[in-house]
Number of protein chains: 2
Amino acid sequence: MGQAPLLRYRGTIEYDGTDYGGFQVQPGQPTIQGELERILEHLTQAHVRVHGAGRTDAGVHATGQVVHFDAYWTHGCGDLQRAMNALLPGDIAVRALREADQSFHARFSARRRLYVYTVCESPVRAPLWRRFAHHVRACLDVSAMQEAACALVGRQDFAAFGQPPVGTNSVRTVFAAQWREAASERCSATWAPARRLCFEIEADAFLRGMVRRIVGTLLAVGMGSMAPQGFRDVLASRDTGRAAPPAPACGLCLCQVSYAEDAGQTGPTATGPGAA
Amino acid sequence: MGQAPLLRYRGTIEYDGTDYGGFQVQPGQPTIQGELERILEHLTQAHVRVHGAGRTDAGVHATGQVVHFDAYWTHGCGDLQRAMNALLPGDIAVRALREADQSFHARFSARRRLYVYTVCESPVRAPLWRRFAHHVRACLDVSAMQEAACALVGRQDFAAFGQPPVGTNSVRTVFAAQWREAASERCSATWAPARRLCFEIEADAFLRGMVRRIVGTLLAVGMGSMAPQGFRDVLASRDTGRAAPPAPACGLCLCQVSYAEDAGQTGPTATGPGAA
């Protein structure tokens, strides 16, 4: 393999995070990064460090996690992607892979991240959704949750919903935050018995645990135990002690990460209002 | 518990069949029937036999399996349903439970069964769908599959797609058989990277393995290795040797079972054409 050039690769990764201890390598636990590094070492006979755009927590899923890594590989991107997918476990896949410029960094080059949090509203548990949605028995007031969520949009201090890395601040820009009810397609007779609500939130970056604390607090609004004005007060307080407990990991999915180099190829989710 | 009356109950059961050896009790394997009987015995202190409308195979799912059982229980249906859901594993739930007439039989009283088979069409595996959809890399010709599927509707001999129980025949009435593309809802950013096709088939009853053999053969049409006329020839041949291998269990879901006693409360799936 000594002849192969060291190239930077950019990959889009989908995973069912249920059985993993999160994205980031941790001792004694299976992780997404760990699985990717293990099979890349096997394929290239060299240690490869994988960098992800977002360090998703244990149990959190992704359809659009972006990673980069540098590897010696002679056979082209398509072959590397196929080889990775042949070796990765069934709950992780490389959805896309291409060469990237040496300046590309999955985390530091990212401009926007889109997370979707799914809630399954039903008097009874919904076994087919249990890995991918948070089950809520209460009938949620979606318009109250949406009214509260509107306060999130803009550039502001989100300290109420998470702590920033040491030496940095908790100011972030939320581009869009909205609740949607999944269309009741006839085709999905499979999923009919439950009402499925999705909360989409897109920002330049997120604090650790921010989406789940926001959703937990919005659900308190949806259940009537907090008014939309109460949610705005929590946000303004910059006090995590006033936010509700984080919503469970299973409902959360990192769906898209956007980069400046992708300008002009924006997906359907990049059309929200700009930064306030 | 000696004072409790012996009543017949009718339940609607949802399950993720991935980790089960099918509906029906089998030695040495977890089964849906086995789990239901185990917790009913625990709750009523008596052996309870559970009868299902359809004996789904290993790995097949249900959102609308119907069961009946006779049990001694003093505390009302709502309490029994809650107690069952509290004890059942996370991948099985009782979605509805009510008292039924002694003449009600989940299997023999059933008039129609609706199955949905889900195909995930994508060049790359889709980890979030791996438990509930059959992954197909090829680009499928849906209109050819639909043209072929039309031949299924009506009362005819389906011996090409399965064998009847001993002493009975293989004539069944298919009320509807259609392919649909799941709407690409913006909300489901979660599932975006793959195209999802659902095959809905409703009949008075099905032969063992019939839906999976039909789908396997329709996929041969979709991939271009069989023409729609070839599919009609297979059906007319009454020869299982001419059908394609059954499609994998993971894509199949028993979505609805209809009974004469439900007339007037028909769901959205009971509006197809009548028996030919």
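R242(B) sits in the loop that links α5 (228–237) to β10 (252–259) in chain B. Helices (H or I, at least four residues) and strands (E, at least two) are DSSP runs, numbered from the N terminus. Before we go on, please note that this is a predicted model: local features need pLDDT of at least 70, side-chain atom pairs count only at pLDDT 80 or more, and totals for chains, interfaces and linings use all residues. Residues are numbered from 1 along each chain as its sequence is written, chains are lettered from A and ligands numbered from 1 in the order in which they are written, and side-chain values use heavy atoms, with hydrogens and water left out.

**Around R242(B)**

With a relative accessible area of 43%, R242(B) is partly exposed; buried means under 20%, exposed over 50%, and partly exposed in between (1.4 Å probe, protein chains only). Contact means heavy atoms within 4.5 Å. Setting aside neighbours within four places in sequence, R242(B) is in contact with M226(B), D233(B), V234(B) and S237(B). V94(B) is 148 residues from R242(B) in sequence and 39 Å from it in space, C-alpha to C-alpha.

**Strand β9 of chain B**

In β9 (residues 195–203) of chain B, 8 of the 9 residues are buried. Two strands pair if DSSP finds at least two bridges between them, and the table shows two partners of β9(B).

| Partner of β9(B) | Sense | Bridges | Residues facing each other |
|---|---|---|---|
| β5(B), residues 110–121 | antiparallel | 9 bridges | V119(B) and L197(B) |
| β8(B), residues 171–181 | antiparallel | 7 bridges | W179(B) and F199(B) |

**Helix α3 of chain A**

Over in chain A, helix α3 (residues 142–149) has V142(A), A144(A), M145(A), A148(A) and A149(A) buried. Viewed down the axis of α3(A), these residues fall within an arc of 160°, so they line one face of the helix; the arc is that of the directions from the helix axis to the C-beta atoms. Their cover includes β8 (171–181), β9 (195–203), α4 (210–222) and α5 (228–237) of chain A.

**The nonpolar cores**

A nonpolar core is a set of buried Ala, Val, Leu, Ile, Met, Phe, Trp, Tyr and Cys residues joined through side-chain atoms within 4.5 Å. The largest has 75 residues, and those touching the most other members are F69(A), M84(A), L152(A), F161(A), W179(A), F199(A) and I201(A). To this core α4(A) gives the most, with 8 residues. A second, separate core of 74 residues includes V66(B), I92(B), V234(B) and L252(B).
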